[in-house]
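Good morning, everyone. Here is today's model, so please have the sequence and the structure open while I talk.

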Amino acid sequence: MAQALVRLRRVSRFYGERAVLKNIDLELAPAQVTLVVGPNGAGKSTLLRLVAGLLPPSEGEVETELPPGGIGYLGHKTLIYPKLTARANLAFWQSMFGQPRDDAAVTAVLSRVGLAGFADEEAGVFSRGMSQRLSLARVFLTAPRLLLLDEPASGLDPASAVWLRREIRAVADAGASVAWVSHNIAADLAACDRVVRLDGHRVAYDGPAAGFDAAALAGEGVC
Amino acid sequence: MLKAALAIARKDLSLALSGAQGLVQTVLLGLLLIFIMSLSREPGELSPPLAAAAVFWLATAFGQVLVFNFLYGLEEAEGARLGLLLSPAPAQAVWLGKALSGWVLLFCCQMVFAPAAVAFLGQTVAGSPLTGLAVVAAVDWGLCALGSLLGALSVGKSSRESLLTVILFPLLVPALLAGIRLLETVISGRGLEAVGAWTGTVVAFDAVFTAAALVLFPFLYTGEE
């Protein structure tokens with residue numbers, strides 16, 4: 001296994017007295033898609049925020065090999081500015097990531113996500129699927145080595161969800177690590193290398209996607 | 001850090017000025033305040049310069065709360081705060097960017113408040129307008145340094161918005177008092193050397209809260225909801 005990009009060592013997270021995660025050990029390696037599954041309240045989103053460094057652990061350590069700016073995030077919220085055009089949104093994130101203003105790169109990434117014809121329209125008028133495509137364009141533009149996805153396909157139509165799955169796989173094949181929270185396990189499993197299942201605030205399963213029995217979870221309301 | 005801060009300020013100003021979002025409310029509130037205060041004097045009576053300066057800075061202080069709630073609200077609509085925190089730019093770049101855009105927006109509002117205060121409160125400005133602008137800009141920087149620092153408290157939950165006002169106003173008192181004294185001096189045409197101690201207060205306020213913000217901001221602006 002390649003050198004892990006992020007390591008969680010006996011990490012616990014509490015909100016007040018309530019434990020959300022307990023004694024989590026986890027490593028995320030490059031060129032790998034890790035599907036994170038579990039029932040509502042299992043701590044999946046909290047796990048992503050701990051990995052991203054957006055939340056400090058209550059106990060344990062989060063170690064990372066990544067430089068600042070090495071983590072990308074795509075979730076329920078799109079992280080875009082509705083009153084800016086698609087192009088202006090991407091130009092802003094270019095500046096924030098220390099990249100020179102490059103209109104050609106912006107145009108190219110908008111074409112990749114199928115928004116080239118909407119580059120100069122305000123992002124606020126986009127449908128949910130288009131907004132998620134723009135958000136993915138932001139991720140492509142900043143080329144993170146670790147991509148965290150928190151149910152990115154929620155609200156997408158089936159065709160957009162298939163497209164998103166293909167793009168996520170392409171990101172990992174290009175060398176990035178992807179940690180992907182999903183409830184649509186049956187559909188998403190094929191695009192993943194590994195599954196981490198959270199239950200009872202702990203890791204209940206951590207192994208290859210090929211050996212994961214998604215059907216058994218259906219009765220638990222996980223998928 | 002400076003490039004990222006300028007990118008944030010540019011983006012905020014573009015959003016604020018394109019649809020006059022955030023500015024209209026601020027300007028209207030300030031004008032309303034100045035107008036109401038003007039009703040307290042008899043027709044034809046002139047307000048003392050000290051009172052006029054106090055009304056001007058009061059309008060500015062209320063406007064500042066709206067400006068920074070607006071500026072930090074921009075990052076909450078679609079969760080852009082997470083993107084800012086995950087970017088390689090230090091968190092202080094967000095503080096500086098917001099302080100700079102707030103500084104410009106507040107100054108724009110004051111360019112409406114000033115003639116309104118002169119007209120409604122019956123003032124004759126005897127001093128140099130340039131000195132007045134310098135005084136306003138210097139006091140504004142302290143207000144914006146503090147406003148941008150504490151504006152970070154208002155993010156996440158709507159219940160936190162009131163925190164900004166509760167904590168901000170007591171801390172603003174030294175800058176507001178100095179601003180009132182210095183502006184009164186400009187209106188009445190006396191030299192600023194007569195109020196040297198208040199000039200020192202403004203400089204110290206600006207320096208202390210700029211330094212405090214650079215140290216404290218990363219602890220206030222986090223990924224926690």
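In chain A, the centres of domain 1 and domain 2 are 25 Å apart, taken over C-alpha atoms. Keep in mind that this is a predicted model. Where do the domains run? Domain 1 of chain A is made of 1-70 + 144-223, and domain 2 of chain A covers 80-143.

Now look at where these two domains meet. On the domain 1 side of chain A, 14 residues are in contact, and they meet 12 residues of domain 2 of chain A. Domain 1 and domain 2 of chain A bury about 1,100 Å² between them. Carbon and sulfur atoms carry 65% of that area. Which three residues of domain 1 of chain A supply more of its buried area than any other three? They are A:Pro144, A:Trp163 and A:Glu167, with 44% of the area that domain 1 of chain A buries against domain 2 of chain A.

Stay with A:Glu167 for a moment. A:Glu167 forms a salt bridge with A:Arg112. Their closest N and O atoms are 3.3 Å apart. How many salt bridges cross the interface of domain 1 and domain 2 of chain A? One. Two residue pairs are in polar contact between domain 1 and domain 2 of chain A, both at pLDDT 80 or more. Helix H5 of chain A, residues 158-173, gives the most to the side of domain 1 that touches domain 2, with six residues.

Next, the sheets of chain A. Start with the six-stranded one. The sheet is open, and its order is E5-E6-E7-E3-E8-E9 in chain A. The pairing is mixed.

Strand E8 of chain A, residues 194-199, pairs with E9(A) in the antiparallel sense over six bridges. A:Arg197 stands opposite A:Tyr205 in E9(A). The bridge partner of A:Val196 in E9(A) is A:Asp206. A quick reminder: in a regular strand, side chains alternate between the two faces of the sheet. The hairpin of E8(A) and E9(A) has two residues between the strands. There, A:Gly200 takes a positive phi near 60 degrees.

Which helices pack on this sheet? Helix H1 of chain A, residues 44-52, does, and it touches E3 (32-37), E5, E6 (146-150), E7 (177-181) and E8 of chain A. The direction of H1(A) makes about 155 degrees with that of E6(A). H5(A) also packs on the sheet, touching E3, E6 and E7 of chain A. The direction of H5(A) makes about 150 degrees with that of E7(A).

H5 of chain A also holds A:Arg169. What does A:Arg169 touch, not counting residues up to four places away in sequence? The answer is A:Ala31, A:Val33, A:Ala191, A:Cys192 and A:Asp193. Take A:Cys192 from that set. A:Arg169 and A:Cys192 are 23 residues apart along the chain, while 7.6 Å separate their C-alpha atoms.

On to the other sheet. Three strands of chain A form an open sheet in the order E2-E1-E4, with antiparallel pairing. The edge strands are E2 (18-28) and E4 (59-64) of chain A, and each pairs on one side only. The twist averages 25 degrees from one strand to the next. Strand E1 of chain A, residues 6-15, pairs with E2(A) over seven bridges. A:Arg7 stands opposite A:Glu27 in E2(A).

Last stop: chain B against chain A. The contact takes 26 residues from chain B and 23 residues from chain A. About 2,100 Å² is buried between the two chains, and carbon and sulfur atoms give 70% of it. In chain B, the residues that lose the most area to chain A are B:Glu78, B:Leu86 and B:Pro88, together 31% of what that side buries. H1 (2-18) and H4 (80-86) of chain B each supply at least two residues of the side that touches chain A. The largest share of that side, seven residues, comes from H1(B).

Key. Residues are numbered from 1 along each chain as its sequence is written. Chains are lettered from A and ligands numbered from 1 in the order in which they are written. Side-chain values use heavy atoms; hydrogens and water are left out. Two strands pair if DSSP finds at least two bridges between them. Helices (H or I, at least four residues) and strands (E, at least two) are DSSP runs, numbered from the N terminus. Axes are lines fitted to C-alpha atoms, for helices over the stretch in contact, and angles run from 0 to 180 degrees between N-to-C directions. Domain bounds come from an automatic or database domain assignment. Contact means heavy atoms within 4.5 Å. Buried area is the accessible area (1.4 Å probe) that two parts lose on being put together, summed over both. A salt bridge is a side-chain nitrogen of Lys or Arg within 4 Å of a carboxyl oxygen of Asp or Glu. A polar contact is a pair of N or O atoms within 3.5 Å; within protein, one must be able to donate a hydrogen and the other to accept it, and residues adjacent in sequence count only if both atoms are side-chain atoms.
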